[in-house]
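Visitor: Hi, I have a model open on my screen and would like to walk through it with you. Could you take me around, one spot at a time?

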Amino acid sequence: MANETSQSARAPLGWFLTVMTVLFVVLALSDFTKALQFAHNPAVGGLVVFGHKFHGVANNLVLGPLFGIVFLIYAHGIWNLRAWVIPLSIVYAFYVPYNLVLFWYTHLEGDRSIGFIVIYLAIALTGSIGTAIYLAYHRERLS
């Protein structure tokens, strides 16, 4: 009974955090399947960490689930409005642009579509930096 009261007294999640939670769960599922993605199409599949794209099913079989677990923990923290999620959101907010820039700088040869890069960055930065800013701004709602 006390648990029901605490759940119903909880601050509403809001549409932004609901969408971000769902997207982090989808990202976790994608990371859990990185080995399968790589096995199916090595040119496209593979986890990128600090700008380095990991090749091989074994590498992706180990690293994919590790990152997937981190994203599930992150989604759980957002969904339950936990204060401990703020440091994780800040680390992720710095990691995403760093990872993207390193990858694009070191791995993409030939012409780069500036339009695609701008749109991709806008979505990625909204998800990473936007979530961190939103959580920090609304930290009084977190428990």
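Visitor: Where does F50 sit?
Guide: F50 is in the loop between β1 and β2. Helices (H or I, at least four residues) and strands (E, at least two) are DSSP runs, numbered from the N terminus. This is a predicted model, in which local features need pLDDT of at least 70, side-chain atom pairs count only at pLDDT 80 or more, and totals for chains, interfaces and linings use all residues. Residues are numbered from 1 along each chain as its sequence is written, and side-chain values use heavy atoms, with hydrogens and water left out.

Visitor: Is F50 buried or exposed?
Guide: F50 counts as exposed, because its relative accessibility is 51%. Buried means under 20% relative accessible area, exposed means over 50%, and partly exposed is in between (1.4 Å probe, protein chains only).

Visitor: What about the phi of F50?
Guide: Phi of F50 is near 50°, a positive value in a residue other than glycine. L81 also has a phi near 50°, again positive in a residue other than glycine.

Visitor: Where is L81, then? And is L81 buried or exposed?
Guide: You will find L81 in the loop between α4 and α5. L81 counts as buried, because its relative accessibility is 3%.

Visitor: Back to the β1-β2 loop. Is G51 buried or exposed?
Guide: G51 belongs to that loop between β1 and β2, and G51 is buried, because its relative accessible area is 5%.

Visitor: What does G51 touch?
Guide: Not counting residues up to four places away in sequence, G51 touches N99, L102, F103, T106 and H107. Contact here means heavy atoms within 4.5 Å.

Visitor: Let's look at α5. How many residues does it have?
Guide: Helix α5 (residues 85-107) has 23 residues. From first C-alpha to last, α5 reaches 32 Å, close to the 33 Å expected at 1.5 Å a residue. The expected span is 1.5 Å times one less than the number of residues.

Visitor: Which residues of α5 are buried?
Guide: The buried residues of α5 are V85, I86, S89, Y92, A93, Y95, V96, N99, L100, F103 and W104.

Visitor: And what covers them?
Guide: The cover over the buried residues of α5 includes α2 (15-32), β1 (48-49), β2 (52-53), α4 (57-79) and α6 (114-137).

Visitor: How many residues are in the largest nonpolar core?
Guide: The largest nonpolar core has 25 residues, and those with the most contacts inside it are L17, F24, Y74, I78, Y92, V96 and L135. At least two residues of this core come from each of α2, α4, α5 and α6. α5 gives the most, with 8 residues. Such a core is a set of buried Ala, Val, Leu, Ile, Met, Phe, Trp, Tyr and Cys residues joined through side-chain atoms within 4.5 Å.

Visitor: Pick L17. What is it in contact with?
Guide: Leaving aside its neighbours within four places in sequence, L17 is in contact with I78, L81, Y134 and L135.

Visitor: Over to α6. Is G127 buried or exposed?
Guide: G127 is found in helix α6 and counts as buried, because its relative accessibility is 11%. Beyond neighbours within four places in sequence, G127 is in contact with M20 and F24. G127 and S89 are 9.8 Å apart, C-alpha to C-alpha, and 38 residues apart in sequence.

Visitor: I69 and I73: where are they, and how exposed?
Guide: I69 lies in helix α4, and I69 is partly exposed because its relative accessible area is 43%. I73 lies in helix α4, and I73 counts as partly exposed because its relative accessibility is 42%.

Visitor: Last one: how many helices and strands does the chain have?
Guide: The chain has 6 helices and 2 strands, and along the sequence they follow the pattern α-α-α-β-β-α-α-α. Of the 143 residues of the chain, 33% count as buried.
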